[in-house]
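Subject: Structure for you to look at

Dear colleague,

I am passing on the structure we talked about, and below it you will find what came out of going through it. Please read the notes with the structure open beside you.

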Amino acid sequence: MIDEYKGLKPKIDPSAFIADDAVITGDVTIENYASIWFKTVIRGDVSAVKIGQNVNVQDQCMMHQSPDLPLILEDGVTVGHQVLLHSAIVRKNALIGMGAKILDGAEIGEGAFIGAGSLVTPGKKIPPHTMAFGSPAKVIREITDKDRKEMNRVRQSYIEKGQYYKSLQERK
């Protein structure tokens with residue numbers, strides 16, 4: 001379902017893949033080759049949501065915000081299954097692991113990796129190119145070349161899968 005909220009309509013690039021059962025409402029912008037997967041909910045009914053190019057938001061994610069605190073996912077971000085994002089900023093090429101929670105005012109640095117199930121508390125800043133795990137999340141080390149390769153592989157695979165699924169939708 002893609003719908004307006006009080007006159008605010010989602011702006012979705014035609015190249016983006018949006019699963020048929022995703023819910024996207026209000027002030028939401030989704031840029032080219034992004035993919036929004038099955039049963040994900042993105043509500044832009046409090047503040048803006050901005051999703052950059054080549055971003056993948058995997059199955060069953062929940063995205064919302066607080067007043068005057070937009071949710072921003074910069075280009076190339078990967079958001080794993082069942083992630084909760086609320087009024088945070090996720091910088092370019094970062095990866096948020098499955099089941100993580102990223103709360104108001106948190107900022108995930110460029111190329112950072114948040115481990116599965118982690119909790120990034122309100123206002124917490126995770127530095128660029130670091131790996132953070134835990135509840136609350138703590139930086140455990142710098143990102144390695146091996147990590148970076150795997151993050152790139154995941155991102156690229158979701159761009160390809162998104163375009164495949166988009167082609168199936170277009171055939172219907």
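How many aromatic pairs does the structure hold? This is a predicted model, and it holds nine aromatic pairs. Phenylalanine 17 counts as buried, at 1% relative accessibility, whereas phenylalanine 38, at 29%, counts as partly exposed.

Tryptophan 37 and tyrosine 165 form another edge-to-face pair, since their ring centres are 5.3 Å apart and their planes stand at 85 degrees. Here the link is between distant parts of the chain, with tryptophan 37 in the loop between β5 and β6 and tyrosine 165 in helix α1, 128 residues apart. Tryptophan 37 is buried, with a relative accessible area of 3%, while tyrosine 165 is partly exposed at 33%.

Turning to the strands, β19 (residues 130–134) pairs in the parallel sense with β16 (residues 113–114) over two bridges, and methionine 131 in β19 is the bridge partner of phenylalanine 113. β19 also runs antiparallel to β20 (residues 137–142), to which five bridges join it, and these two strands form a hairpin with two residues between them.

Best regards

Methods. Residues numbered from 1 in each chain as written. Predicted model: local features only at pLDDT ≥ 70, side-chain atom pairs only at ≥ 80, totals over all residues. Heavy atoms only, no water. Pairing = 2+ DSSP bridges. Helix = DSSP H or I, 4+ residues; strand = E, 2+ residues; numbered from the N terminus. Phe/Tyr/Trp six-rings, centres within 6.5 Å; stacked < 30°, edge-to-face > 60°. Buried < 20%, exposed > 50% of the residue type's maximum accessible area, 1.4 Å probe, protein only.
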